[in-house]
Amino acid sequence: MPDVVSLSAPVAGTLGAVLVVLVLGAALLGRWVRRLRAHVRERSAEAERLRALAKERADRVSVLAHEIRTPLALVKGAGELLAERTPGALNDIQSTFVETITQNTEAVIAMAEDLLTEARLEADLFTLQLEETDLRHLVRRTVRELRQVNQMSISLDSRGAPVTVMVDRRLMRQALWNLVTNAGRHAGSAAPVVVRITPGEESVLVAVSDAGRGMDADERRDLFTPFAPHHRGTGLGLVITRRIVELHGGRVFVDTVARRGTTVLLSVPVVAR
C-alpha cells in the first residue's frame, strides 16, 4: 500500500491561497477578455459608422461638384469661344470682361475639384492606381497644360535622364497642378513661378518656387489648415497635395521668407534599379 503524503498545515494553507488567487485571476482575466471583445466590437461598429458617414458626405460632395462643374464648363466654353473671336470681333473692354469670365470660371471649377478630392480622400475612397512613371515627363506635361490655361510665367528646369517613380498619375498630376496654381495665386501673375526636379538616390524632389511676398509666421502655421483666414481661397489645394504625396510614401516641405518668396517641395520615392 503506497505511502500517504500529508501536507503540513502551513503548506496546505499556502496552496489553498494560491488556488484562490488563480481562480480569482482566471475570473478577472475572463471578465477582461469579454470587455476587450465588447470594446473591439464597439470600435469596429463605430469605425464602420464613420466610414459610412464619410462615404455619404463624399457622395453628396460628388453630386454637388458635378452639378457645379457642368454649368460652369458650359460658361467656360462659351467664354473661350468669345475669346477666340469665333462669334465675331470684340473691343478691348469686351475682351477684358471675357478674360475675367474664363479665369474665374476656371478657378471655381478647380475649387469644385478640390472639394471632391478632399471628400474622397477623407472617406478613403481612393484606391491608388500605381504605375511606373517618368516623373520628368509628368511634370513637363502638367506645366504645359498649366501654361495653356494660366497667364502666369512658369519656368521649368527638368533636364536630365528619366526619373522613374511608382505613382497614381492622375493624383500626382493634381498635386503638381495644385502646387503651381497655388504659387501663382499667392505670388501674382507678374511674379514668375519656377519648377525644378532634383533626383536623389532614394527619392526625387520637385520644387515649386515663386518670387512673391512670402509668408509670415501666422500664414506659415496655417498653411495646411483648410479655410484659414489667411488663405486666398479655400486652402484645400495644399492640404490635398500633402495627402496625395503622403499616400505615395513621400513628404511635403515648405521654405518661405517674408517678402522673399516661397518654395514648396514634394519628395517621392524613386524606383530602385
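Author: A search of the whole structure finds 3 cavities of 30 Å³ or more, a cavity being a set of points, on a 1 Å grid over the protein atoms alone, where a 1.4 Å probe fits but cannot get out. The model is predicted, so that local features need pLDDT of at least 70 and side-chain atom pairs count only at pLDDT 80 or more, while totals for chains, interfaces and linings use all residues. Residues are numbered from 1 along each chain as its sequence is written, and side-chain values use heavy atoms, with hydrogens and water left out.

The largest cavity holds about 160 Å³ of space, where a volume is the space filled by probe spheres set on grid points that are joined across faces, edges and corners. Its lining consists of 15 residues, and Asn182, His186, Asp210, Met215 and Thr262 lie nearest the centre; a lining residue has an atom within 4 Å of a point. Two or more lining residues come from each of α4 (169-187), β5 (203-210) and β7 (261-269), and α4 gives the most, with 4 residues. These helices (H or I, at least four residues) and strands (E, at least two) are DSSP runs, numbered from the N terminus. By class, the lining of the largest cavity has 7 nonpolar, 5 polar and 3 charged residues, with Ala, Val, Leu, Ile, Met, Phe, Trp, Tyr, Cys and Pro counted as nonpolar, Asp, Glu, Lys and Arg as charged, and the others, Gly among them, as polar.

The open site is the second largest pocket, with about 320 Å³ of space; a pocket is an open set of points with protein on both sides within 12 Å along at least five of seven lines. Of the 17 residues that line this pocket, Glu80, Thr102, Gln103, Gln148 and Val149 are the closest to its centre. Here the elements that give two or more residues are α1, α2 (92-122) and α3 (135-149), and α2 gives the most, with 6 residues. The lining of the second largest pocket divides into 4 nonpolar, 7 polar and 6 charged residues.

As for the surface, Leucine 36 is found in helix α1 (residues 9-83). Leucine 36 counts as partly exposed because its relative accessibility is 38%, which falls between buried (under 20% relative accessible area) and exposed (over 50%), with a 1.4 Å probe and protein chains only.
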